[in-house]
Amino acid sequence: MGTEGIQDKYVNPYTDFGFKLLFGTDMNKELLISFLNALLFKEETIKDVTYLNSEQLGTQELDRKAVFDVYCENEKGEKFLVEMQKGEQQFFKDRSVFYSTFPIREQAKRGDWNYELKAIYTIGILNFTFDKDDDNYYHHEVKLVDMKSQQVFYDKLTFIYLEMPKFNKREEELDGMFDKWMFVLRNLSSLLERPRALQERIFDRLFEAAEIAKFTRTELSEYWDSLKNFRDWYSVISTAENKGHMAGRAEGLMEGRMEERIKNARNMKQLGIATNLIALSTGLSEDEISKIEC
């Protein structure tokens with residue numbers, strides 16, 4: 001197929017195809033290394049990564065299967081799970097914790113073993129918000145903490161959540177590589193050209209890999225299917241949200257009307273009007289009217 005139906009210049013990283021193209025392939029692993037360093041270490045601590053089998057099975061046949069968008073380890077043996085979460089799930093935090101148990105358990109060794117583990121980082125790039133209290137708090141770093149001392153109890157298990165809808169910095173406000181990566185992930189598919197603020201060599205590679213016009217026919221077909229799935233999913237979510245808002249408004253109107261009826265009934269009772277006449281006037285039952293305190 002051609003690019004009909006695909007009007008963007010750059011790939012949408014929120015699609016399965018786009019995310020795995022940029023972060024889940026050997027030819028682009030320098031993009032993943034740069035992103036992880038900017039997010040976790042603020043310097044080039046990770047020198048290399050090795051992609052691991054992204055489909056992990058439990059120790060028993062009936063154990064649940066876990067599939068990660070990107071699963072890799074660095075040269076130190078530290079494990080990284082990276083997922084793009086397109087939409088809110090009721091138990092997505094539980095899901096993150098559940099997934100983190102796989103790289104923990106697979107480190108077990110047969111025979112004598114002292115239980116020493118390599119660090120594990122679970123990273124969720126979220127296309128939704130879960131903290132409604134602070135619009136500026138979008139970078140969550142979670143560890144096991146001693147509640148009394150507020151000191152980190154165990155520093156080898158880290159959960160990172162990025163609430164992407166909250167990141168609204170403009171190009172001129174970007175400060176450091178973390179901001180630049182957040183800006184790219186948030187805005188890539190809507191860009192018409194490469195921003196001047198993104199002049200680092202790593203972004204040469206990113207914009208080259210992300211340019212849709214350079215895709216092969218097979219890549220275009222795969223991307224179109226992935227983009228269509230994303231758009232269909234987004235449409236379903238938007239429809240559900242709109243119905244929820246409409247239902248909420250209708251419920252609010254009904255509650256308001258009921259409050260008005262009760263208020264009128266209370267005034268009429270205080271004037272000594274007969275209950276049957278109040279019922280005819282307000283639409284309330286005589287039993288409901290009898291329970292209204294004047």
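## Strands side by side

Two strands count as paired if DSSP finds at least two bridges between them. This model is predicted. In the model, strand S5 (residues 79-85) and strand S6 meet that rule: they pair in the parallel sense over 7 bridges.

## The whole protein

Now step back. The protein has 8 helices and 8 strands. Of its 294 residues, 38% are buried. The protein exposes about 18000 Å², and carbon and sulfur atoms supply 49% of that area.

Take the contacts between residues at least 6 apart in sequence: 58% of them join residues at least 24 apart.

## The nonpolar core

In soluble globular proteins, nonpolar side chains tend to be buried together. Here, the largest nonpolar core holds 55 residues. Which of them touch the most other members? They are Phe23, Ile125 and Leu188. Helix H2 (residues 29-41) gives the most to this core, with 8 residues.

Phe23 has its own set of partners. Leaving aside residues up to four places away in sequence, Phe23 touches Leu31, Leu32, Phe35, Tyr51, Val70, Trp181 and Leu185.

## Helix H3

Helix H3 runs over residues 92-105. At 1.5 Å a residue, its 14 residues should span 20 Å; the end C-alpha atoms are 21 Å apart, which agrees.

Which residues of H3 are buried? They are Phe92, Ser96, Tyr99, Ser100, Phe102 and Pro103. Seen down the axis of H3, these buried residues fall within an arc of 140°, so they line one face of the helix. An α-helix has 3.6 residues a turn, so residues three or four places apart point the same way.

## Helix H5

Helix H5 (residues 201-210) buries Ile202, Phe203, Leu206, Phe207, Ala209 and Ala210. Seen down the axis of H5, they fall within an arc of 160°, so they too line one face of their helix.

What do the buried residues of H5 pack against? Their partners are helix H1 (16-23), H2 and helix H4 (176-187).

Methods
Residues numbered from 1 in each chain as written. Predicted model: local features only at pLDDT ≥ 70, side-chain atom pairs only at ≥ 80, totals over all residues. Heavy atoms only, no water. Core = buried A, V, L, I, M, F, W, Y, C linked by side-chain atoms within 4.5 Å. Buried < 20%, exposed > 50% of the residue type's maximum accessible area, 1.4 Å probe, protein only. Helix = DSSP H or I, 4+ residues; strand = E, 2+ residues; numbered from the N terminus. Contact = heavy atoms within 4.5 Å. Expected span 1.5 Å × (residues − 1). Arc of directions from axis to C-beta. Areas by Shrake-Rupley, 256 points an atom, 1.4 Å probe, with all protein chains shown as cover.
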